[in-house]
Amino acid sequence: MTKPVSAPRAAALIGPFSSGKTTLLESLLFVSGSLARKGGVKDGTSAGDASPEARQHQMSVEPNIAGTTYLEDRWCFIDCPGSVEFLQDSYNVLRVVDAAVVVVEPDPARAVMVAPFLKFLDDHKIPHFLFLNKMDDSKARLRETLEALQAVSERPLVLREIPMLEGDKVVGHVDLVSERAWRWREGKPSDLVKLPERGRGDEMQARQEMLEHLADFDDHLLEELLEDTIPATDEIYQNLTRDFHQDLIVPVFFGSALSDHGVRRLLKALRHEVPEYDVTAARLGLGEGGPSVAQVFKTIHAQHTGKLSFARVLRGAFVEGETVGGAKLSGLLAPQGVQLSKQGKAEAGEVVAFPRLDSVATGDTVGAIEERLSWPAPLAPLFALAVQTARKADEVKLTTSLVKLIEEDPSLSIEQNPETGEILLWGQGEIHLMVAMERLKNRFNLEVLSHRPQVPYKETIRKSTSVHGRHKRQTGGHGQFGDVYLDIAPLPRGEGFAFIDKIVGGVIPRQYIPSVEEGVKDYLRQGPLGFPVVDVAVTLTNGSFHSVDSSDMAFKTAARIAMTEGMPNCDPVLLEPILAVEISVPTEHTSKVQRIVSGRRGQILGYDAKPGWKGWDSVSACLPQAEMADLIIELRSLTMGVGTFAWRFDHLQEVMGRQAQQVIGSRRAALAS
Ligand SMILES: Nc1nc2c(ncn2[C@@H]2O[C@H](COP(=O)(O)OP(=O)(O)OP(=O)(O)O)[C@@H](O)[C@H]2O)c(=O)[nH]1
Ligand SMILES: [Mg+2]
C-alpha cells in the first residue's frame, strides 16, 4: 500500500552530548539519498557541525537543519547540540517539531543524562522515540540501559525490536510487531532473514511486554490479551501510532548511526507514526483556519546573509515578495546544513529561513496573528564572565554584537554592573561563553578579553559618631564657606541609606540642604574599606553659613569632609552578598551537594524531593556570591552534567577575620594601582 504524499514533517534529534546525533543526521541524509557520500564528525566532513565553532570544539554548538525525502515523504531533521550548556536550542526546536528522536548511548551509567530531555518532552507532550545508538560497540548494554532509562522516564519505554545476536555481536534486529528478522549489511539495506530459533523465547516475551504496555491504554487490546487472542497486526500499529501521538508511550529502536544500521527502520517508524504539522500547531494552541503563521525557533546573524529567522510554517503558506506584518519577505531560503537555497514558496509543515526580518525575534511568529504562541522562558543564567574588548575603539561594537548573539540564543544575557563597572556576559557555562566569544571574533571581527567578575562587596558601620565638617577658603575675591554637623549611625541590615534633616532656625538655608545630602552620598560610594556603604543613617544636626561665600559646592564639600573624618571611627565592616540557591540533582548525589555547600562557606537550609522530577532532590542553601563563580562547573562534574541550580540575591552578611582582610587588602591594592 503506498501512502499518499504528505505534508513535510519535522523531527528533532536530541539527547546527551556525543551520543551520535550529528552522525545520525548524516546517516539519515545518506540513507535517504540526500548525500552522495557520507562524511564523519571526527574528520570534519559531516553535513552538520560545519560552523567554525562546531569544528573547533568537535561538538554541535547550534542546531543543524537539513531536509531530505524518504519514500516520497519530505522531512526536515533538526540535529540539536547535546551539551547542557546549549540546552536552550533543544528546548526551542522541540516546540516546533512533530516528534523527537532521543539519541542515547547504550550505557546505563549515562541514562541519568537523558532526564532533562525526557522531562521537557513529557511536560510538553511531544511525541518521542528513543534511539539507542552505537550498538556496534562491544560494550553496548541494551537491557540494562533501558531499565536505567525507565527510571528517569515518566512514560513507559516500549521496546519495538530486539537485537539479533551472533556471539556477543548485534548483527540485526527482530521486529516485535511483524515478527520479522532483519540482518544488517554494511552500507546497504538490511536483509530479511528467517526468524532465528535462538532467542525465540526472548522475542515472545518482549512482544508480550510491548502488547501489555499498549493494553494499558486500550480496553479492546486488553480483552484480547486476557483471552489469549493474538491481536491483528493492524490493530497493534494503530495502537502504537495513537499512543505515540499522545505521548503515552516511548517506542524504542536501536542501531548504529556510524554504520547506518537500524536507520532505515527508524525512518520507516517516523514515516508511519509521526503526526503532521497540524497536530503540532494544535499543541501550540494554533487553530486550523486563519492567516498564514510560521513560528521562529532560531535566529542567526550570518556573516554574508545578515539576519536569518528559522521558522516552521504551521498554517497556510508564504510566498517570496509578499508583505507580512509590515515586512516584505525579500526571499525564502531552504536550509541544508550551512547551505541555503532560494525557494519561491514555503508551505505548511516546511522549515524555512526568512532573511532580514529585523523586528522578529526567536519565539515570535511571522504572520498576521496578534498573539504570540506559548514559548518557553529562556533558561536562567548560571555562569558569568566580565568581558571587554581588546581594542578600545570596539567598545560600542561589543554591545551591539552581544545584542545580536542574545537574539540568537536567549540563554545568553548581558549585565552592566553599575558598582564594579564591568560588563558581565551571562550564560549556561564555560564552553557556552567561550563559543559566544569565538562567534564575536569569527563573525564580527571582535577580539574580546574576559576575566572572572568581581564580587560586588559592600560595607557598613557598627558604631555611631558625631562629626563636624567645615570647608572654608578665601582665594582672592569670592570665598567658599560650608559648615555642617553630622550624626552618623548604623541602620538595620537591608535599610539602605537615610538622610535626616534636623536644621532649625535657618542655621543652614534650605537651598543648601540637598547639597549636604549629595556630599554624603558622594562619599558613601566608596567607604573607608573601599566599597559602597549601605545601611547608614546620616542626620544633619547643625551648621552655619556665610551670606556671600556659601554655595552648593561648599556645602557638598563640607559634608564630604565630615564623612571622611567620621566614618573610620564607626567601626566599618565588610559585607558580602549571600545568594539563596536551590540546587537540583539526582537523589544519589544529594549528600555530595551538602559537602560542596559547606566547602563553600554555605549553609544548608533543607532538602526535599524535587516536585515533578522522579528520583531528584532539591537542596536549598545560602551561599556567598564569592563562592558561586564555578559552582555550576563542580556540580556538573559531580553529576554527569545534569546537576543545576536556581539563584537569587538574598541578603548582605558581615565578613570578618582573614577572609575580610584579604578582600580589603586586594581592594586597596586595586584602588592604588
Ligand atoms: N561506534 C560508534 N560511534 C559513533 C556512532 N555514532 C556516533 N559515533 C561517534 O560518537 C562521537 C560523537 O558523535 P556525534 O555525532 O558528534 O555526536 P552528537 O550527539 O552529535 O554530539 P554533540 O552534538 O556534541 O552532542 C563521534 O566520535 C562519532 O564518530 C555509532 O553508531 N557507533
Ligand atoms: Mg552533534
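At what angle do the axes of helix α6 and helix α7 cross? They cross at roughly 140 degrees and come within 8 Å, with α6 covering residues 200-215 and α7 residues 219-226. Axes here are lines fitted to C-alpha atoms, for helices over the stretch in contact, with angles running from 0 to 180 degrees between N-to-C directions. The two helices, α6 and α7, are therefore oblique to each other; angles under 35 degrees count as roughly parallel, over 145 as roughly antiparallel, 65 to 115 as roughly perpendicular, and the rest as oblique. On the α6 side, Leu211, Glu212, Leu214 and Ala215 meet Leu221, Leu222 and Leu225 of α7, where contact is counted if C-beta atoms, placed from the backbone, lie within 7 Å. The residues of this contact divide into 6 nonpolar, no polar and 1 charged. In this classification Ala, Val, Leu, Ile, Met, Phe, Trp, Tyr, Cys and Pro are nonpolar, Asp, Glu, Lys and Arg are charged, and the others, Gly among them, are polar.

The model is predicted: local features need pLDDT of at least 70, side-chain atom pairs count only at pLDDT 80 or more, and totals for chains, interfaces and linings use all residues. Residues are numbered from 1 along each chain as its sequence is written, while chains are lettered from A and ligands numbered from 1 in the order in which they are written.

The protein has 17 helices and 34 strands, which are DSSP runs numbered from the N terminus (helices H or I, at least four residues; strands E, at least two). Its C-alpha atoms fill a box of roughly 110 × 60 × 45 Å, taken along the principal axes. Of the 673 residues, 43% are buried, meaning that 20 or more other C-beta atoms lie within 10 Å of their own; 12 or fewer make a residue exposed, and values in between partly exposed.

The largest nonpolar core has 149 residues, and those with the most contacts inside it are Ala11, Val102 and Phe131. Such a core is a set of buried Ala, Val, Leu, Ile, Met, Phe, Trp, Tyr and Cys residues joined through C-beta atoms within 7 Å. A second, separate core of 25 residues includes Leu486, Val516, Met563 and Cys570.

Ligand 1 is surrounded by 21 residues, the closest being Gly20, Thr23, Met59, Ser60 and Gly82; a residue belongs here if its C-beta atom, placed from the backbone, lies within 6 Å. By class, this shell has 6 nonpolar, 10 polar and 5 charged residues.

Gly506 lies in the loop between β29 (497-501) and α13 (513-524). Gly506 is exposed because 8 other C-beta atoms are within 10 Å.

Notes. Contact = placed C-beta atoms within 7 Å.
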